[in-house]
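Here are my notes after a first pass through this one. Have the viewer open while you read.

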Amino acid sequence: MGKRIASYSEKGGVGKSATAAGMVAAARKRRLDGTAGTVYAADLDPRGTLTSELGINAPAFTMNDLLAMDPKGERGLAAEALTDASEDWSGVRVIAAERALANREADQATGFEFRLRHALDGVLGEDDDLIFDLPPRAGGKLVTAALLAATHVIIPATLNEDGRIGAEEAMETIEIIRDSYGHDLQVVAIVPSIVPGGRTTLADAIGKQLAATYGDLYRDDLAIPRHTLREQTRYACVPVTSQTGREAAALSAAYDSILTAAGATK
């Protein structure tokens, strides 16, 4: 089975969706360069930031439909929910989000948390990779469903108090998922995100605190730099890996390195 990698933090504004989109772009580039398999994206955030960046505006079928219409957790049903990303993201297949997805937080069906994992079973091949974008909230049904469907987690953390808290609370939720469900979910790394060229004293202090708390899980070598190009590509709904120049190269290298750390298909 291919890797199922979640981008997760319990604070907004820390680059969670940007990290997910960057990993999708890097995985797609690997396929364009000859790597076998397909790239999939699954958006669990009702705000639909990843869905929009992948050029999907009015999907006929969404993550909300998949989770609402599959009370028994039918295996392999996700194959029917997949939508092609835009031409600029050609080759990527997406389970899109919509605002109504927030309604699933109130879903009282027994076994809801396993619904997504069952729906994905049999869809991914051993050379495929799936990237999840999770909502920035403490636990909740959507987060639980996504983490139970994932195999690996990347935690982006801006080097400020929001980034530190988001990483801390994400780790607490992951431990609850592991203990409550016996799910062998692997945290790949806590990754410094949106890092400015000249780090402040506070940024250095937050980085040292994260390193002291989480040891080798804190990966400063995987830091994602802050570049204006990232916002430009997000606005234009194009992969950063399709751009040229120093900033594009730096961002593309960072996202590709994160994929490698997660054991994604090369």
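1. Which side chain meets Lys 11 in a salt bridge? It's Asp 162, at 3.8 Å from N to O. The pair ties together distant parts of the chain, since Lys 11 sits in the loop between strand 1 and helix 1 while Asp 162 belongs to helix 6, 151 residues apart. Lys 11 is partly exposed at 27% relative accessibility, and Asp 162 is partly exposed too, at 38%. Keep in mind that this is a predicted model.

2. Now for strand 1 (residues 3–7). Four of its five residues are buried, so the rest of the structure largely encloses it. Strand 1 runs parallel to strand 5 (residues 129–133), with five bridges joining them; Ser 7 has Asp 133 as its bridge partner there. Strand 1 also pairs in the parallel sense with strand 6 (residues 152–157), over three bridges, and Ala 6 stands opposite Val 153.

3. Helix 1 (residues 16–32) checks out on length: 17 residues at 1.5 Å each should span 24 Å, and the end C-alpha atoms are 25 Å apart, which agrees. Helix 1 is mostly covered, with 14 of the 17 residues buried. After the helix comes Gly 34, with a positive phi near 115 degrees.

4. Back to charges: the count is 19 salt bridges. Within helix 6, Arg 164 and Glu 161 are three residues apart, about one turn, and their closest N and O atoms are 2.7 Å apart. Arg 164 is buried at 15%, whereas Glu 161 is partly exposed at 39%.

5. Asp 133 turns up again in a salt-bridge network with Lys 16, Asp 45 and Arg 47.

Technical notes: Residues numbered from 1 in each chain as written. Predicted model: local features only at pLDDT ≥ 70, side-chain atom pairs only at ≥ 80, totals over all residues. Heavy atoms only, no water. Buried < 20%, exposed > 50% of the residue type's maximum accessible area, 1.4 Å probe, protein only. Helix = DSSP H or I, 4+ residues; strand = E, 2+ residues; numbered from the N terminus. Pairing = 2+ DSSP bridges. Expected span 1.5 Å × (residues − 1). Salt bridge = Lys/Arg side-chain N within 4 Å of Asp/Glu carboxyl O.
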